[in-house]
Amino acid sequence: IQKKRIVSVISCLDVRFFCGSYQQFYRVCWQSEAVHGAPRMVRLKHRYATVELCYGCPRQCDENLTSKRMVEELRGMIQYYHGDYGLACVLRSLHVKYLNVQTHIAIIRVARDHHKLLVAVLPLVSKLRDVDCTINVLHLGGTIRSCQRFLIVHNRKYLQECLKAAETPLEQAELVDLLAATTVPPRRPEKTSDSPS
């Protein structure tokens with residue numbers, strides 16, 4: 001095995017002098033390692049938590065909350081409840097991928113192996129940046145696309161509740177237009193053996 005590895009490295013070094021760029025050099029190295037049986041990297045898998053920020057008073061919501069500040073707060077809470085071990089587990093993978101301060105919705109990404117640490121801490125949060133706030137987990141998915149689909153359905157339900165509570169016909173007409181605008185995107189049709197390609 002070592003001889004194969006050395007031969008692949010030497011062949012890559014020889015190719016480097018003939019290739020014009022380092023990008024081609026690395027591509028050739030990767031291909032030769034794949035041919036000679038060197039292990040490839042495993043894809044990192046993540047979980048995406050769609051959460052709702054619930055403020056104690058609607059006027060009290062934090063308009064200056066950014067994704068970076070929210071990540072800092074979540075890391076502090078994970079360290080408080082799970083210690084240094086919990087913080088080390090989620091330190092590199094914890095990111096806020098989407099944050100909307102008007103709708104109070106966020107999508108948080110974390111490594112799949114340690115997503116339970118995050119999900120256990122989220123309901124225990126009582127403050128974000130000295131503002132009373134609780135976090136409700138609405139959906140836990142494997143991709144951002146599944147979270148987006150969930151948000152479309154969630155927003156449609158919210159608009160339908162608002163439509164029932166609307167008092168004037170003008171409000172009802174505006175909400176009907178909003179409901180018509182929020183449609184679930186169709187899924188791509190799967191190829192079947194009968195359809196020509």
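Modeller: One definition to begin: two strands pair if DSSP finds at least two bridges between them. Keep in mind that the model is predicted.

Colleague: In β5, which residue is the bridge partner of Tyr48?

Modeller: β1 covers residues 46–55. β1 and β5 run antiparallel, joined by 8 bridges. In β5, Tyr48 is partnered by Gly141.

Colleague: What is the strand order of the open sheet?

Modeller: The sheet has 5 strands, with antiparallel pairing. Its edge strands, pairing on one side only, are β2 (95–100) and β4 (127–128). The order is β2-β3-β1-β5-β4.

Colleague: Which residue in β3 is the bridge partner of His46?

Modeller: β1 pairs with β3 (residues 105–111) in the antiparallel sense, over 7 bridges. Arg47 has Val110 as its bridge partner in β3. For His46, the partner is Ala111.

Colleague: How many residues of β1 are buried?

Modeller: Helix α5 (residues 144–165) lies across β1, β2, β3 and β5. β1 is mostly covered. Of its 10 residues, the buried ones number 7.

Colleague: Is Cys162 buried or partly exposed?

Modeller: Buried means under 20% relative accessible area. Cys147, at 0%, is therefore buried. Cys162 has 24%, so Cys162 is partly exposed.

Colleague: How many disulfides does the count give?

Modeller: A disulfide is a covalent bond between the sulfur atoms of two cysteines. The cut-off for the sulfur pair is within 2.5 Å. By this rule, the number of disulfides is 0.

Conventions. Residues are numbered from 1 along each chain as its sequence is written. This is a predicted model: local features need pLDDT of at least 70, side-chain atom pairs count only at pLDDT 80 or more; totals for chains, interfaces and linings use all residues. Side-chain values use heavy atoms; hydrogens and water are left out. Buried means under 20% relative accessible area, exposed over 50%, partly exposed in between (1.4 Å probe, protein chains only). Helices (H or I, at least four residues) and strands (E, at least two) are DSSP runs, numbered from the N terminus. Contact means heavy atoms within 4.5 Å. Axes are lines fitted to C-alpha atoms, for helices over the stretch in contact, and angles run from 0 to 180 degrees between N-to-C directions.
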